[in-house]
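Thank you all for coming. I would like to take you through one structure slowly, so please keep the sequence and the model in view while I talk.

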Amino acid sequence: MNLEIAIPIALHQAAGLVWVGGMFFAHFALRPTLKETLDPQPRLRVALGVFQRFFPWVWGSIAVLWLSGLWVFLGVMGAKAGVYVHAMMGIALIMTLIFAVIYFIPFRRMQGSVATAEWPKAASAFGWIRGLMAVNLGLGLATVVIAAAGPAMIGAGA
């Protein structure tokens, strides 16, 4: 593999790891621990603080994923790729839209509700974030499987 493709693929994998790995950690490690150890008000404050630190990383990851993916697709592959690449790009678009919804609707509502101590509204917004993040996590993990299996399937004539 030459540097022309190695650099964007490495950037792509690192950005995907940050986003999908962060969602996995938040969903399966952080959330259950917060629920077991903290009452609702401090739990919502901690969750909000985590999102405020994680979401800028997600925006950066999204930018790197799109730029590096398009670099490979358009620059290296000449816009000619297997069905698996198109599937990954379609899933990426859906994931990006879901994250935009998370960020601009329930996250903003959660910020405002925590700031004004409206705990039921904050909890409702947190619930929406958790649900949408779980969908994105599933899509992200599916994309990892497609990325790993796609080239082998194409080589096998799929």
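Predicted model: local features only at pLDDT ≥ 70, side-chain atom pairs only at ≥ 80, totals over all residues.

**Starting at alanine 117**

Let me begin with alanine 117, which is partly exposed, with a relative accessible area of 43%; the wording here is that buried means under 20% relative accessible area, exposed over 50%, and partly exposed in between, with a 1.4 Å probe and protein chains only. Alanine 117 has a positive phi of about 60°, although it is not a glycine, and it is found in the loop between α3 and α4, the latter covering residues 119-155.

Residues are numbered from 1 along each chain as its sequence is written, and side-chain values use heavy atoms, with hydrogens and water left out.

**The overall picture**

The secondary structure comes to four helices and zero strands, and from the N terminus on the elements run α-α-α-α; helices (H or I, at least four residues) and strands (E, at least two) are DSSP runs, numbered from the N terminus. Along its principal axes the C-alpha trace spans about 55 × 25 × 20 Å. Of the 158 residues in the protein, 35% are buried. If we take the contacts with a separation of 6 or more, residues 24 or more positions apart account for 80% of them, where contact means heavy atoms within 4.5 Å. The accessible surface comes to about 9000 Å², of which 72% belongs to carbon and sulfur atoms, the areas coming from the Shrake-Rupley method with a 1.4 Å probe, and for residues only the protein chains shown count as cover.

**Aromatic rings between helices**

How many aromatic pairs does the count come to? The count comes to 14, on the rule that rings of Phe, Tyr and Trp (its six-membered ring) pair if their centres lie within 6.5 Å, with planes under 30 degrees apart counting as stacked, over 60 as edge-to-face and the rest as tilted. One of these pairs is formed by tryptophan 59 and phenylalanine 99, which are edge-to-face at 4.9 Å centre to centre, with 75° between the planes. This pair links distant parts of the chain, since tryptophan 59 is in helix α2 and phenylalanine 99 in helix α3, 40 residues apart. Tryptophan 59 is partly exposed at 29% relative accessible area, whereas phenylalanine 99 is buried at 2%. The rings of tryptophan 59 and tyrosine 103 have their centres 5.4 Å apart and their planes at 80°, so that pair is edge-to-face. Tyrosine 103, for its part, is buried, with a relative accessible area of 19%. Ring pairs also link a cluster whose members include Trp19, Phe51, Trp59, Phe99, Tyr103 and Phe126.

**Two threonines**

Threonine 96 lies in helix α3, residues 83-115, and is buried at 17% relative accessible area. A polar atom of its side chain lies 2.8 Å from the backbone oxygen of alanine 92. Leaving aside neighbours within four places in sequence, threonine 96 is in contact with Trp19, Ile62 and Trp66.

Threonine 143, found in helix α4, is buried as well, with a relative accessible area of 17%, and its side chain reaches the backbone oxygen of leucine 139 at 2.8 Å. Not counting residues up to four places away in sequence, threonine 143 touches Met88, Ile91 and Met95.

**On the surface**

Glutamate 118 is partly exposed at 32% relative accessible area, while lysine 121 is exposed at 52%.

Finally, isoleucine 7 lies in helix α1 and, at 39% relative accessibility, counts as partly exposed.

Technical notes
Polar contact = N/O pair within 3.5 Å; in protein donor to acceptor, adjacent residues only side chain to side chain.
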